[in-house]
Amino acid sequence: MSPSAVVPGELGSGAAPSRWSFRDKILLSTGPFTHEMFEPSEEAVAALGEMQILVIGAGGLGCEILKNLALSGFKKIHVIDMDTIDVSNLNRQFLFRHSDVGKSKAEVAAKFVEKRVKGVSITPHNCRIQDKDEDFYLQFNSIICGLDSIEARRWINATLVNMVDEEQLQEGISDSLKPLIDGGTEGFKGQSRVILPTMTSCIECQLDMHAPRAAVPLCTLATIPRQPEHCIEWAHIIAWDQEKPFPDVDNKLDNDDPEHITWLYQKALARAQEFNISGVTYSMTQGVVKNIIPAIASTNAIIAASCCNEAFKLATTSNPSLGDGENNYMMYSGNEGIYTYTFKHEQKEDCPVCGQKAKDLTVDPEWTLQEFIESLAGRADAQLKKPSVRTAEGKSLYMQSPESLELKTRPNLEKKLRDLVENGHELAVTDPAFATVSFRFAIHYR
Amino acid sequence: MLKIWSMKQKQQQAANADAAATGIKKKKVTAAQLRVQKDVSELSLPSTMKTEFPDEDDLLNFTLTIEPDEGMYKGGRFHFKFEISQDFPHQAPKVKCTQKIYHPNIDLEGNVCLNILREDWKPVLNLQSVMIGLQFLFLEPNASDPLNKDAAEDLRSNREGFKRNVRSAMGGGAVKSQSFDRVLKS
Ligand SMILES: [Zn+2]
């Protein structure tokens, strides 16, 4: 089981230059597809090693991505993942061994790849992405996501969009702009995409590309189940609430508690028998309740490879990358044969994340909120007649509607702005006159 | 096309220093919250519906009260609890009736069978459309999507009997020995 014993001819950087010979052909010479701005040179090779790159997720995709980056010549890699290794990961998350079960994914993955590829440094972060601040994300040249959570994707996307310094960008300094490369798989399907925050369509713009989980009507579950999954969903959504089997824990379902899953399994089984349906098993129950989408190792490998190629091209400008020109989204389907389609997903003007950059607004701190709101109506660029205002931290300052919120927030109208908003902080403003746009203002006191 | 990574490490460091100098740790609302703010401030509800936010800063959890002014459920006051997740609008809001009511499309636990809350939810739909959909269930209860099988059967087989059952259940009475919450306005 010792990893270093498996592969013949351990390839350290000095020991076997052949490891890099094919890559170097790309960086030391030009070819028919070379990017027009690319100049082949030893510096291009060295620059690759200087790139700081962050990998989010050390799961099925993350293991592949870390391996690929290290074997492409990236040397300064960070990886962030809050999860620990479960025995069910071992079939495809190949950086982990049985003895690693229970340990941090980020730490084990980092150590494994560092050991295998000499000269690469991988810094693990065993925490949530939300635990890190902008300063952390600013140190990277690019970020690759291998996540299965939409919530986490949306968070990092919004964070990177907010980090972009528009003024610097206009002066041609793009250091606050961190290209985001996102990979995702679901069974035999997957996608990879490149996002240049504020410049190209973002994850939020592309939210409709994630098909919501196919759901069966509740009344079908309740009255005429046809499949074993229907019986499990019935037990999960309806019987659990009806029978409240675990009053000791307030009837809160714990997906990882075998007692809870067993209860659901037995309920589902009984119901399946009643309707002459076969196929309900314990592991199917677990899968339906946890919404486990089967992960296919080879799909992960294909998508990770695409993501890492994009990272390589972005880092070296050796070839045009996704997001660099016309296209920014590659979808892959292996359901029937192989099908890939690469296209340009358009940025949405009304995207709540990238559609509106925060406008700087200089105001008098002695103003009341009322005076501030009236001033918004007079602004040529906004003309907000009925604005609702919340702080970027999520405090409702004034909501025009619905009635109940208007009543609750009305007392704020009398208050001074300086008592409501800190200097430099942002306000999110919505107005029914602009049905699809929300405005963001960064408040600066005179 | 811009050369995204200019490889100018000096400028990179300058940018980092700038960011550190500003020194403001901004805690941002999530994209879901931003979208909900939009949805909530654009609500344009008829006088038969009202929302109530226990915490005005938390737009993700609130109740909706429906007081139908026509149809079989006229005179009733119905409460629904909305729970919106960080996956909104990818995921539909979770909606439950907090009273035990007699309705073919709402079970005794308050689960609601409304297509746009489950199988037909799309991110382009908003909270307004969900609320209008809920109100519609009181105007046109529908026997073909039953969650309360008995009520659906009553509605299908004997519309007048169903109406009587609705009245007595709304008054806090029992239907076929099943008791219901009193939901009458007065
Ligand atoms: Zn966007």
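## A walk through two chains

Let's start in chain B, where helix α4 (residues 149-157) packs against helix α5 (residues 159-170) at an angle of about 135°, their axes 5 Å apart. Helices here are DSSP runs of H or I with at least four residues, strands are E runs of at least two, and both are numbered from the N terminus. The axes are lines fitted to C-alpha atoms, for helices over the stretch in contact, with angles running from 0 to 180 degrees between N-to-C directions. That angle makes α4(B) oblique to α5(B); under 35 degrees would count as roughly parallel, over 145 as roughly antiparallel and 65 to 115 as roughly perpendicular, with the rest called oblique. On the α4(B) side, B:Ala151, B:Asp154, B:Leu155 and B:Ser157 meet B:Arg159, B:Phe162 and B:Asn165 of α5(B), where contact means heavy atoms within 4.5 Å. Sorted by type, the residues of this contact are three nonpolar, two polar and two charged. In that sorting, Ala, Val, Leu, Ile, Met, Phe, Trp, Tyr, Cys and Pro are nonpolar, Asp, Glu, Lys and Arg are charged, and the others, Gly among them, are polar.

Before going on, keep in mind that this is a predicted model: local features need pLDDT of at least 70 and side-chain atom pairs count only at pLDDT 80 or more, while totals for chains, interfaces and linings use all residues. Residues are numbered from 1 along each chain as its sequence is written, chains are lettered from A and ligands numbered from 1 in the order in which they are written, and side-chain values use heavy atoms, leaving out hydrogens and water.

Over in chain A, helix α1 (residues 21-28) and helix α2 (residues 42-50) pack at about 120°, with axes 8 Å apart. A:Arg23, A:Asp24, A:Leu27 and A:Leu28 from α1(A) meet A:Glu42, A:Ala44, A:Val45 and A:Leu48 from α2(A). That gives five nonpolar, no polar and three charged residues in the contact.

Next comes helix α3 (residues 60-72) of chain A, which packs against α12(A) at about 40°, again with axes 8 Å apart. This makes α3(A) oblique to α12(A), and the crossing is right-handed. The α3(A) residues in this contact include A:Leu61, A:Ile65 and A:Leu69, and those of α12(A) include A:Ile303, A:Cys308 and A:Phe312. The contact divides into eleven nonpolar, four polar and one charged.

What about charge pairs? The structure holds 28 salt bridges over all chains, each a side-chain nitrogen of Lys or Arg within 4 Å of a carboxyl oxygen of Asp or Glu. One of them joins A:Asp256 and A:Lys290 at 2.9 Å, N to O. A:Asp256 sits in the loop between α9 (228-243) and α10 (258-274) of chain A and A:Lys290 in the loop between α11 (282-289) and α12 (297-316), so the pair ties together parts that are 34 residues apart in sequence.

The loop between α9 and α10 of chain A also holds A:Lys244, which has a positive phi of about 40° although it is not a glycine. There are cis peptide bonds to look at too. One runs from A:Ser401 to A:Pro402, with omega near -5°; A:Pro402 is in the loop between β11 (396-398) and α14 (403-409) of chain A. Another joins B:Phe88 and B:Pro89, with omega about 0°, and B:Pro89 is in the loop between β3 (78-83) and β4 (94-97) of chain B.

Finally, how do the chains meet? 79 residues of chain A are in contact with 57 residues of chain B. About 6,100 Å² is buried between them, 57% of it from carbon and sulfur atoms; buried area is the accessible area (1.4 Å probe) that two parts lose on being put together, summed over both. In chain A, A:Arg154, A:Asp175 and A:Lys408 lose the most area to chain B, together 9% of what that side buries. Four salt bridges are found across the interface, and B:Asp57 and A:Lys395 also meet in a salt bridge, at 3.4 Å, N to O.

Terms used
Left-handed = near helix turned anticlockwise from the far one by under 90°.
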